Amino acid sequence: LPDQFATTANPRFTVLGGTFNSLRGGVATASSTGSSVPKAQKIAYQANNGTVLTAMAETASTPQAEDYTTRNDVLQTMELLIGYYNQYIADLDFLQTATGGTPDSFIPDAEALTQLELLINYTISNLFTLALDAKQERSFILLEDTNCINLTHKLYGLDEADVNITKLINQNNFGLKHMLQIKKNTRIYYYV
């Protein structure tokens, strides 16, 4: 259910990432100590963290309005999803036995892995499409002193509700010292 929370993608990924890491706790401990993992735990790991990865793909695919405003936002989500998926595959590779001939042997379910891979690839390809439509970060260094109002007018234009000024302040992490004057040689970030 965390993938269906009515919040932005980052908190949802944080919850799902915590679940992923707690589920892999026994696997990570076994890999660091060299001990074996029982077959039932291996099967549970594949099923449960496969489900978590499916929820992460749904989280990435169902953004809120403010989730993917810039290309960096989309790329960050893609990197998270790919990172968790790669960790999952590495863990399953560690858990797999050389052969499947004994009752204690474990070979991951190929059909489940194929379907999960298709889902992850489909999600990533759709995120690439979103990234192409998202705003690109640009920056420049001020050649002379200015203020937030003039700079906002130059980059975004002014609006009655001062939304653009607030946006510029947030994008550049301006504090009180920047409200009246932004000094020459300050790097300014904006999105187009």
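**Charged pairs and helix packing**

The count of salt bridges comes to one. The model is a predicted one. The salt bridge is formed by Asp91 and Arg24, and their closest N and O atoms are 2.7 Å apart. Asp91 sits in helix H4 (residues 71-95), while Arg24 sits in the loop between helix H1 (9-23) and helix H2 (25-33). The two residues are 67 residues apart, so the pair links distant parts of the chain.

Are the two partners buried or exposed? Asp91 has a relative accessibility of 5%, and it counts as buried because buried means under 20%. Arg24 has a relative accessible area of 16% and is buried too.

Helix H4 also takes part in a contact between rings. The whole structure holds three aromatic pairs. One of them joins Phe20 and Tyr84, with 5.1 Å centre to centre and 65 degrees between the planes, an edge-to-face arrangement. Phe20 belongs to helix H1 and Tyr84 to helix H4, so this pair ties together parts that are 64 residues apart in sequence. Phe20 and Tyr84 are both buried.

Thr19 is also found in helix H1. Thr19 has a relative accessible area of 29%, so it is partly exposed. Leaving aside neighbours within four places in sequence, Thr19 is in contact with Asn49 and Val52. Between the C-alpha atoms of Thr19 and Lys39, which are 20 residues apart along the chain, the separation is 21 Å.

Helix H5 (residues 110-133) contains Thr123. With a relative accessibility of 1%, Thr123 counts as buried. Which residues does Thr123 touch, not counting those up to four places away in sequence? They are Ala57, Ala60, Ser61 and Leu81. A polar atom of the Thr123 side chain lies 2.8 Å from the backbone oxygen of Leu119.

Next comes helix H6 (residues 148-155), where Cys148, Leu151, Thr152 and Leu155 are buried. Viewed down the axis of H6, the buried residues fall within an arc of 100 degrees, so they line one face of the helix. The face of H6 turned away from the buried side carries two exposed residues, His153 and Lys154. What covers the buried residues of H6? The cover includes strand E1 (137-141), helix H7 (163-172) and strand E2 (187-191).

At the N-terminal end, Asn147 is the cap: one of its side-chain oxygens lies 3.0 Å from the backbone nitrogen of Ile149. After H6 comes Gly157, with a positive phi near 90 degrees.

Most residues other than glycine have a negative phi. Asp162 has a positive phi, near 60 degrees, although it is not glycine. Asp162 is in the loop between H6 and H7. At 40% relative accessibility, Asp162 counts as partly exposed. Asn173 is another residue other than glycine with a positive phi, near 55 degrees. Asn173 is in the loop between H7 and E2, and at 67% relative accessibility it counts as exposed.

The loop between H7 and E2 also holds Lys184. Its relative accessibility is 47%, so Lys184 counts as partly exposed. Leaving aside neighbours within four places in sequence, Lys184 is in contact with Leu142, Leu143, Glu144 and Asp145. How many Å separate the C-alpha atoms of Lys184 and Thr19? The separation is 47 Å, and the two residues are 165 residues apart along the chain.

Technical notes:
Residues are numbered from 1 along each chain as its sequence is written. This is a predicted model: local features need pLDDT of at least 70, side-chain atom pairs count only at pLDDT 80 or more; totals for chains, interfaces and linings use all residues. Side-chain values use heavy atoms; hydrogens and water are left out. Helices (H or I, at least four residues) and strands (E, at least two) are DSSP runs, numbered from the N terminus. Buried means under 20% relative accessible area, exposed over 50%, partly exposed in between (1.4 Å probe, protein chains only). A polar contact is a pair of N or O atoms within 3.5 Å; within protein, one must be able to donate a hydrogen and the other to accept it, and residues adjacent in sequence count only if both atoms are side-chain atoms. Contact means heavy atoms within 4.5 Å. A salt bridge is a side-chain nitrogen of Lys or Arg within 4 Å of a carboxyl oxygen of Asp or Glu. Rings of Phe, Tyr and Trp (its six-membered ring) pair if their centres lie within 6.5 Å; planes under 30 degrees apart count as stacked, over 60 as edge-to-face and the rest as tilted. The arc is that of the directions from the helix axis to the C-beta atoms.
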